[in-house]
Amino acid sequence: MRTMTAAIAIVAATAAHAENRIDIVRPDAPELAAFGDHKIGVTTMTFTNPNQIDVVNANDSDEPPLYDRTLTVELWYPADADTTPGGTYSVLLRDGVTTAELTGQAARNAAPDTSDNFPLVIISHGYPGNRFLLSPLAENLASKGYVVASIDHPDSTYDDQAAFGSTLVNRPWDQRFVIDSVTALDGDLGTIIQDDNIAIIGYSMGGYGALIYGGAGVTLISTTYEWGAPQGLLERNMMGTETHASLADDRVKAIVAFGPWGNNTGFWDTEGWAGINKPLMLIAGSIDDVSQYDAMRGIFDDTVNTTRHLLTFENANHNAGAPMPAPAEGYAVSETLGYAPFDHYADPVWDNVRMNNVSAHFVTGYLDLHLKQDEVKARFFDLTPVATDGIWAVDDNGDETAEHSYWTGFPNRTAAGLRFETKLAGE
């Protein structure tokens, strides 16, 4: 008992003094993981989408009720050069009860950098999740000249998690609504946002939504699942329908999906995957038992009308590359959950900071290539598929020799445990 009491005391003390930094870049991080030259601002906004179908309160027979669907969005952006870096975020953890404080580089409500305008990136969390789950990536991208809008999806956050059908129906439409809302902003913040140069980054159910938005309408069978949406409401996202076709959006130039859920339960078929023609990057853990790694490889294989990449963290599970490091406040077992919220963020094999650094490297290069037309970044994707097959070969001056085939941007001995594959459109 004394040992258990002591352990609890240590956890409590650690949480009380936690800084929970979200901006850590390890010395062994790949080249593009480093923060950029921009100071970072952050602000919180809400946008209300009126007269939406209330999926949670719909039943199997009556006319579905309508409601005003309000989305809270955290917006990171390049800030004025005179901005003093640094700030904190008070966030709710997985149990919907425990709060934690995160520390990063963004300054709350800082003046935007109006000397230029910047591409827009949408971030969409999992089920459940919240807008801070991918905050390390959001800050990192903002420092490199992106405006990043991360969404709290109603019925899918830690404190309002409700019927799964709402998430199935609403995800791509929430993403579309936030794009429309953010690109319509006025004032200095509105002037710095490129309204026709956008990427969507989704994790788990956020990836599900991004794939639908990107052109992959769902199957008819998926609209009939008892545990899904009532009254066939998911038909809104079905391949071949006018509603799904109306999601087509030329403003969106690229999609990144971390651990996308749905291919493991029949939500797509060959026709659906043929609908994606936007550049696609998938990021996954090789032992993901939530979205199922083989199912995600199926997405990689079957999206034949676009060039796509698959980054694999060997022996990582569903948290591969996306969630922030587990806050210290989440180490203790939660009475609400019956387990520590830590499990929602962490991976038993990989260090979160390491995974976040690797993800930031690849996402940065990918967005720079497709949203900023920086063709130099293509070299970071011409890789030996299995990292450990690469050879580190340099001369006495440190210059690469003809035998060198190690992953571009990775220091020697640092790419182990990773795999990167590419298929071109038509393959």
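Predicted model: local features only at pLDDT ≥ 70, side-chain atom pairs only at ≥ 80, totals over all residues.
## Basis of description

Two packed helices are described by the angle between their axes and by the distance between the axes.

## Helix 3 and helix 5

Helix 3 spans residues 164–182 and helix 5 spans residues 205–213. Their axes lie 9 Å apart, and the packing angle is about 60 degrees. The two helices are therefore oblique to each other. Their crossing is right-handed.

On the helix 3 side, the contact is made by Phe-164, Thr-167, Leu-168, Arg-171, Pro-172, Gln-175, Arg-176 and Ile-179. Helix 5 contributes Met-205, Gly-206, Tyr-208, Gly-209, Ala-210, Ile-212 and Tyr-213. Sorted by class, the contact of helix 3 with helix 5 holds 9 nonpolar, 4 polar and 2 charged residues.

## Helix 2 and helix 10

Helix 2 covers residues 135–142, and helix 10 covers residues 352–371. The angle at which they pack is about 45 degrees, with 10 Å between the axes. Helix 2 is therefore oblique to helix 10. The crossing of helix 2 and helix 10 is right-handed.

From helix 2, the residues in contact are Pro-136, Leu-137, Asn-140 and Leu-141. In helix 10 they meet Asn-356, Ala-360, Val-363, Thr-364 and Leu-367. The contact of helix 2 with helix 10 divides into 6 nonpolar and 3 polar residues, with no charged residues.

Methods:
Residues numbered from 1 in each chain as written. Heavy atoms only, no water. Axes fitted to C-alpha atoms, helices over the stretch in contact; angles between N-to-C directions. Helix = DSSP H or I, 4+ residues; strand = E, 2+ residues; numbered from the N terminus. Parallel < 35°, antiparallel > 145°, perpendicular 65-115°, else oblique. Left-handed = near helix turned anticlockwise from the far one by under 90°. Contact = heavy atoms within 4.5 Å. Nonpolar A, V, L, I, M, F, W, Y, C, P; charged D, E, K, R; others polar.
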